[in-house]
Amino acid sequence: MNVPLANNTQLEFKFSPMKESFVLSKLQTLNPRKGIGVNEISNRMLKAASPVIARPLTKTFNQLLETGTFPSGFKIGQITALHKSGDRPHPSNYRPISVLTALSKILEKAVRDQLYTFPNSNKIISDSQSGFRPKHSTITALTRFTHQIYRNIGNRKATTVP
């Protein structure tokens with residue numbers, strides 16, 4: 001995938017192969033008490049089998065990344081209504097949760113990590129960007145903005161917001 005930049009240059013993004021150690025660590029940190037997805041493979045079983053299945057799973061995941069495919073079975077979730085608060089008979093007091101397969105979550109984490117790393121390592125995102133960045137939040141943005149307002153007041157400058 002090519003990413004066009006403002007200065008008419010382009011960067012190429014390509015998924016890097018996953019490492020077996022990444023897959024193994026994700027398998028070993030699965031919560032055995034989490035719900036079982038539609039494939040009916042429990043996290044407890046995946047965690048117990050992790051030393052044996054990490055290598056073939058890594059090969060499979062890397063093949064999926066290389067071909068740009070995401071198995072249809074990974075896209076199916078089991079929807080459950082979870083009670084928030086209030087009267088149980090009232091439907092608005094519930095929220096839906098989707099239980100996905102643990103394997104799909106491991107692949108998603110690898111994709112997410114690489115997609116997050118790419119713009120940061122290539123300096124595509126401004127330092128003042130707070131949304132969707134680790135260790136940045138709306139509080140970070142508001143703190144930066146408030147600091148800019150105080151600095152402008154001290155320098156007798158106006159502060160505008162586009």
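**Close-up 1. E20 and its salt bridge to R55 in the predicted model.** In this predicted model, E20 is partly exposed, since its relative accessible area is 29%. The side chain of E20 meets that of R55 in a salt bridge, with 3.2 Å from N to O. E20 belongs to helix α1 and R55 to helix α2, so this pair ties together parts of the chain that are 35 residues apart in sequence. R55 itself counts as exposed, because its relative accessibility is 51% and the class of exposed residues begins over 50%. Side chains of opposite charge can pair when their charged atoms come close.

Close-up 2. When residues up to four places away in sequence are not counted, T58 touches M18, K19, E20 and V23.

Close-up 3. A search of the whole structure finds 2 salt bridges, and one of them joins the side chains of D113 and R112, at 3.4 Å from N to O. D113 counts as partly exposed, with 33% relative accessibility, and R112 is likewise partly exposed, with a relative accessible area of 42%. The charged end of R112 also sits over the ring of Y116, at 4.3 Å from the centre of that ring.

Close-up 4. R133 is found in the loop between α3 and α4. Is R133 buried or exposed? With a relative accessible area of 16%, R133 is buried, because the class of buried residues takes in values under 20%. Leaving aside neighbours within four places in sequence, R133 is in contact with Y116, N120, I125, S126 and D127. Between R133 and Y116 there are 17 residues in sequence, while their C-alpha atoms are 7.8 Å apart in space.

Close-up 5. The whole structure holds 3 aromatic pairs according to the search. One of them is formed by F13 and F118, whose ring centres are 5.0 Å apart and whose planes stand at 80°, an edge-to-face arrangement. F13 lies in the loop between β2 and α1, whereas F118 lies in helix α3, so the pair ties together parts that are 105 residues apart in sequence. Both F13 and F118 are buried. Ring pairs link F13 and F118 with F15 into a cluster.

**Close-up 6. The aromatic pair of F70 and F74.** The rings of F70 and F74 have centres 5.7 Å apart and planes at 70°, so this pair is edge-to-face. The step from the angle to the name rests on the limit for the edge-to-face class, which takes planes over 60 degrees apart. F70 counts as partly exposed, at 29% relative accessibility, whereas F74 is buried, with a relative accessible area of 14%.

Close-up 7. At the start of α4, a side-chain oxygen of S137 reaches to within 3.1 Å of the backbone nitrogen of I139. How far apart are the end C-alpha atoms of α4? They are 24 Å apart, which agrees with the 24 Å that its 17 residues should span at 1.5 Å a residue; the expected span is 1.5 Å times one less than the number of residues. R156 lies in the segment after α4, and its phi is positive, about 55°, although R156 is not a glycine. R156 counts as exposed, with 80% relative accessibility.

**Close-up 8. E40, a residue with positive phi in the loop between α1 and α2.** E40 is found in the loop between helices α1 (20-28) and α2 (43-67). The phi of E40 is near 60°, a positive value in a residue other than glycine. E40 is exposed, with a relative accessible area of 68%.

Methods:
Residues are numbered from 1 along each chain as its sequence is written. Side-chain values use heavy atoms; hydrogens and water are left out. Helices (H or I, at least four residues) and strands (E, at least two) are DSSP runs, numbered from the N terminus. Buried means under 20% relative accessible area, exposed over 50%, partly exposed in between (1.4 Å probe, protein chains only). Contact means heavy atoms within 4.5 Å. A salt bridge is a side-chain nitrogen of Lys or Arg within 4 Å of a carboxyl oxygen of Asp or Glu. A polar contact is a pair of N or O atoms within 3.5 Å; within protein, one must be able to donate a hydrogen and the other to accept it, and residues adjacent in sequence count only if both atoms are side-chain atoms. Rings of Phe, Tyr and Trp (its six-membered ring) pair if their centres lie within 6.5 Å; planes under 30 degrees apart count as stacked, over 60 as edge-to-face and the rest as tilted. A charge sits over a ring if NZ of Lys or CZ of Arg is within 6 Å of the ring centre and within 35 degrees of the ring normal.
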